[in-house]
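Morning, everyone. Please bring up the model on your screens. I'll keep this brisk.

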Amino acid sequence: MTTSSTSSTSDADPAVRAELARLRDSIDNIDAAVVHMLAERFKCTQQVGRLKAVHRLPPADPAREARQIARLRALAEDAKLDPAFAETFLNFIIAEVIRHHERIAEDTGNGTAPATAP
């Protein structure tokens, strides 16, 4: 079946539309799981940030971050996922975690309650 860039999904064969719907439902479920896993991860990193702040440890840990990136790249390769994409994704998460840790440390240093939002 030849398709053009101007055709819409509604023009597709019913079997194709059904398969697209099935695949998109799976994608939606996976997206929901990713969001929930990220929320759980950030709950843990918030606890790490509070612990670091109370004990005056630096918000960033470059050695740990490097180990995590290497570990994630290997996991990505095993999963047949582009390791560069996985590294970019993890670097984004790490930057956000460090930002949170810095805010928690600042709040703790100012005598205010440590931030709890992810």
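Let me start with a question: is arginine 99 buried, partly exposed or exposed? Arginine 99 is partly exposed, at a relative accessible area of 40%. Here is the scale: buried means under 20% relative accessible area, exposed means over 50%, and partly exposed is in between, with a 1.4 Å probe and protein chains only.

Now the ground rules. This is a predicted model, so local features need pLDDT of at least 70, side-chain atom pairs count only at pLDDT 80 or more, and totals for chains, interfaces and linings use all residues. Residues are numbered from 1 along each chain as its sequence is written, and side-chain values use heavy atoms, with hydrogens and water left out.

First, the overall layout. The chain has 3 helices and 0 strands. Along the sequence, that reads α-α-α. Helices here are DSSP runs of H or I with at least four residues, strands are E runs of at least two, and both are numbered from the N terminus. Helix α1 covers 14-54. Helix α2 takes residues 62-78, and helix α3 takes residues 83-109.

How much of the chain is buried? Of its 118 residues, 19% count as buried. The accessible surface comes to about 8600 Å², and 60% of that belongs to carbon and sulfur atoms. Those areas come from the Shrake-Rupley method with a 1.4 Å probe; for residues, only the protein chains shown count as cover.

Next, contacts. A contact means heavy atoms within 4.5 Å. Take the contacts in the chain with a separation of 6 or more: residues 24 or more positions apart account for 52% of them.

Now look at α2 and α3. Their axes come within 9 Å and cross at roughly 145 degrees. The axes are lines fitted to C-alpha atoms, for helices over the stretch in contact, and the angles run from 0 to 180 degrees between N-to-C directions. The crossing of α2 past α3 is right-handed.

By class, the contact has 9 nonpolar, 2 polar and 4 charged residues. The classes: Ala, Val, Leu, Ile, Met, Phe, Trp, Tyr, Cys and Pro are nonpolar, Asp, Glu, Lys and Arg are charged, and the others, Gly among them, are polar.

On to salt bridges. How many does the structure hold? It holds 4. The criterion is a side-chain nitrogen of Lys or Arg within 4 Å of a carboxyl oxygen of Asp or Glu.

One of them joins glutamate 87 to arginine 73, with the closest N and O atoms 2.6 Å apart. This pair links distant parts of the chain: glutamate 87 is in helix α3, arginine 73 is in helix α2, and they are 14 residues apart. Glutamate 87 is partly exposed at 25%. Arginine 73 is partly exposed too, at 28%.

Back to arginine 99. Its side chain meets glutamate 96 in a salt bridge, at 2.4 Å from N to O. Glutamate 96 is partly exposed, at 24%.

Helix α1 has a pair as well. Glutamate 19 and arginine 22 meet at 2.7 Å, N to O. They are also 3 residues apart, so about one helical turn lies between them. Glutamate 19 is at 36% relative accessibility, and arginine 22 is at 44%. Both count as partly exposed.

Now the loops. Arginine 56 sits between α1 and α2. Its phi is near 55 degrees, a positive value in a residue other than glycine. Lysine 80 sits in the loop between α2 and α3. Its phi is near 65 degrees, again positive and again not glycine. Arginine 56 is exposed at 75%. Lysine 80 is exposed at 75%.

Last stop: valine 54, in helix α1. Which residue lies 55 positions from it in sequence, yet 8.8 Å away, C-alpha to C-alpha? That is glycine 109, in helix α3. Glycine 109 is exposed at 65%, and valine 54 is exposed at 53%. Isoleucine 104 is 50 residues from valine 54 along the chain, with 9.4 Å between their C-alpha atoms.

Conventions:
Left-handed = near helix turned anticlockwise from the far one by under 90°.
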